[in-house]
Amino acid sequence: MEKKIFSSNRKAYYNYEILEKLETGIVLSGYEVKSVRRSNISLVDSIVRFSNSEAFVENVFIAPYEQISSHIADYDPKRKRKLLMHKSEINRMHAKVKEKGFTVIPLEVYIGGKGKVKLLIGLAKGKKSYDKKEAIKKKDIAREMAKEY
């Protein structure tokens, strides 16, 4: 079954070097799932934080569902959302984040097996500006080579 990607954080691949990837579940309410299925989600400037042996994703924008019921008046589109991970995965990632220069960021939101919304997170290390420039040079060279053939 081919996975349908609703949102990806392309800026993350430019700003960070992704060292490790992990698929996690995310706790959403019903109307948020409907909004995600309509691709009304943005991962820009989002980050994964750890507290009390739990993982939370922050600053993920999920637009309010258009046909949301009127009894849900105070909807916060950027609220903290819990990630569903095994305790050992949380502890391993949290230990790596404590090291200098590492962070965990969301990379993609998609539908996984059994129709569940999944979040692909990555352990990342920030790139320096000269690394970013070199990546741009490599892309340009590859593009020129492809043009010639």
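Figure 1. Lys-96 is partly exposed, at 28% relative accessibility (buried means under 20% relative accessible area, exposed over 50%, partly exposed in between, with a 1.4 Å probe and protein chains only). The model is predicted: local features need pLDDT of at least 70, side-chain atom pairs count only at pLDDT 80 or more, and totals for chains, interfaces and linings use all residues. Residues are numbered from 1 along each chain as its sequence is written, and side-chain values use heavy atoms, leaving out hydrogens and water. The side chain of Lys-96 forms a salt bridge with that of Glu-20 (3.3 Å, N to O); a salt bridge is a side-chain nitrogen of Lys or Arg within 4 Å of a carboxyl oxygen of Asp or Glu. Because Lys-96 lies in helix H3 and Glu-20 in strand E2, the pair ties together parts that are 76 residues apart in sequence. Helices (H or I, at least four residues) and strands (E, at least two) are DSSP runs, numbered from the N terminus.

Figure 2. Glu-54 is partly exposed at 27% relative accessibility, and Lys-82 is partly exposed at 34%. Shared partners in salt bridges join Glu-20, Arg-92 and Lys-96 into one network. Glu-58 pairs with Arg-49 in a salt bridge (3.0 Å, N to O); Glu-58 is buried at 18% relative accessibility, whereas Arg-49 is partly exposed at 44%.

**Figure 3. The largest nonpolar core.** This core has 26 residues, and Val-36, Val-48, Leu-83 and Met-93 are among those with the most contacts inside it. A nonpolar core is a set of buried Ala, Val, Leu, Ile, Met, Phe, Trp, Tyr and Cys residues joined through side-chain atoms within 4.5 Å. Elements that give two or more residues to this core include strand E2 (16-26), helix H3 (87-98) and strand E9 (117-126). Not counting residues up to four places away in sequence, Met-93 touches, among others, Phe-50, Val-104 and Ile-121 (contact means heavy atoms within 4.5 Å). A second, separate core of six residues includes Leu-107, Tyr-110, Leu-120 and Ala-124.

**Figure 4. Ile-141 in helix H4.** Ile-141 belongs to helix H4 (residues 129-148). Ile-141 is exposed, with a relative accessible area of 56%.
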